[in-house]
Amino acid sequence: MSAWDRFTDAFFNVPIMLKYLPSIAQGFVLTVELAVLVVITGIAAGLGVAMLRSLGLRPLNWAIVFVVDLFRALPPLVIIVLIYFGLPSAGVSPSAFGATWASLALELMAFSEEIFWAGITAVPRGQWEAARSTGLSFGQTLRAVVLPQALRLTVPPLTNRTIAITKGTALGSVIGLAEILSQASSGESLSFNPSPLTLGAAAYLLLFLPVVALGRWIETKFAWKR
Amino acid sequence: MSEPPIIAAHGLHKQFGPLHVLKGVDLVVAERELVFLIGPSGSGKSTLLRCLNRLEEPSSGSVVVDGIDLLDRRTDINHVRTRIGMVFQSFNLYPHMTALANVTLALRKVAGKSRAEADTIGRAALDRVGLADRAHHTPLQLSGGQQQRVAIARAIALEPRVMLFDEPTSALDPELVGGVLAVMRELRASGMTMVVVSHEMGFARAAADRVLFMDQGVIVEQGTPEQVFTAPTEERTRAFIGQIQRH
Ligand SMILES: Nc1ncnc2c1ncn2[C@@H]1O[C@H](COP(=O)(O)OP(=O)(O)O)[C@@H](O)[C@H]1O
Ligand SMILES: [Mg+2]
């Protein structure tokens, strides 16, 4: 057997790949569900918290900064393990899906809040003043004048951060969540062949390449019109 | 006999922490009057103007605009602000919106007009400042002078009872100043009550009823443009007038 044959047999063994395709496809669907849920809840929470922060209430803002810094500092795997293995001692037993979702959503909430906040503070004070001077309320000014400008600035960093955090869905494999990586590596150990891992990597590309491309498209779309 | 004033501010004080910026300012502006406010940088002119629509909260004193007590907690400040137009040195147009959208935003969101109504009013306001053909341009596609005229249109579209101008031409290249002043003169001719912070002495002589000189948080002297510019009684006023006339 030549080296090349050994290589293709190890990583591109078609019969083995076909055998584990269904379970990896299941993992793919689960990963997509988890990723979509993380992105929607994490970004919505981050935006909501940044809007709360713009109210400028001191004690509230201290609390926000504390929580945000906490979840920016903690490795997501630590949060997953804490939630999954720690919470049962407090009488709550989250599912592997729930623990992974909560951990990643909290991390995305924290990072996106900082990104949204940076965008909001980058909008000149004069924009607030002009809008308020015409009678717009605080909320109307935030929605119609400040956020649309802030969001333009946040799209590139937010896209990158969202992709990075969503890839953390693979961490769920540590607590037995049947997502792509978990399915692929159990296929590998059952078949004594790494080809299911190749298939897993392909599934990740299938999932994330379109997301990366979408990110690029959004970035060009949000450039200023002169 | 006389009509009630549009603006009646009394005993205004404003402190920023230890900094005492307004030290008991009284300002009464009659209907159709144009009051011109001058004074050195940092004397509190902008702060005074911003107290008149509560963009800045006075530390003490009273502000009544068009019969409405601005500092009363029960006052709907957002509604009152539609009656008080404000124009800023840096225009502050919304860069993500067209000129027309800048003008119609508050018409729709605050005055409750339909989009069609707001567009009609907005176009009329742009026409009044000579920019009917720029309705669909964004601020970045307009010159500074045009941007400031759109900002004036944004304010007058709400049919305010009074207009506040904070150095409306200070950020403009000299050749663009005339267009903005022309719009302000037209507003004046139409009977708009105005309070103008500016260094444009020519405009003041032509259009102002009264000139106020402010220094270090108090109104030092006031009178007709003629009196204040040519025969000031206070030494500080004389020094300041001399300074800006040399420029
Ligand atoms: N928001 C603020 N916080 C602290 N100090 C301020 C604030 N706004 C204005 N000031 C200070 O108040 C003084 C008067 O400012 P301003 O009213 O802008 O003067 P003018 O318009 O006459 O140049 C200045 O010393 C300025 O630094
Ligand atoms: Mg000023």
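**Contacts of one residue, then the interface**

User: What is A:Ile43 in contact with, leaving aside neighbours within four places in sequence?
Analyst: A:Ile43 is in contact with A:Val38, A:Leu108, A:Ser112, A:Phe116, A:Leu158 and A:Thr162 (contact means heavy atoms within 4.5 Å). This is a predicted model, where local features need pLDDT of at least 70 and side-chain atom pairs count only at pLDDT 80 or more, while totals for chains, interfaces and linings use all residues. Residues are numbered from 1 along each chain as its sequence is written, chains are lettered from A and ligands numbered from 1 in the order written, and side-chain values use heavy atoms, with hydrogens and water left out.

User: Which helix is A:Ile43 in?
Analyst: A:Ile43 sits in helix α2 of chain A, residues 14-53 (helices are DSSP runs of H or I, at least four residues, and strands are runs of E, at least two, numbered from the N terminus).

User: New topic. How many residues does each chain give to the contact?
Analyst: Chain B gives 24 residues and chain A gives 21 residues.

User: And what area do they bury?
Analyst: About 1,900 Å² between them, with 58% of it on carbon and sulfur atoms. Buried area is the accessible area (1.4 Å probe) that two parts lose on being put together, summed over both.

User: Which side chains meet in a salt bridge?
Analyst: Those of B:Arg50 and A:Glu129, at 3.0 Å, N to O (a salt bridge is a side-chain nitrogen of Lys or Arg within 4 Å of a carboxyl oxygen of Asp or Glu). The count between chain B and chain A is one.
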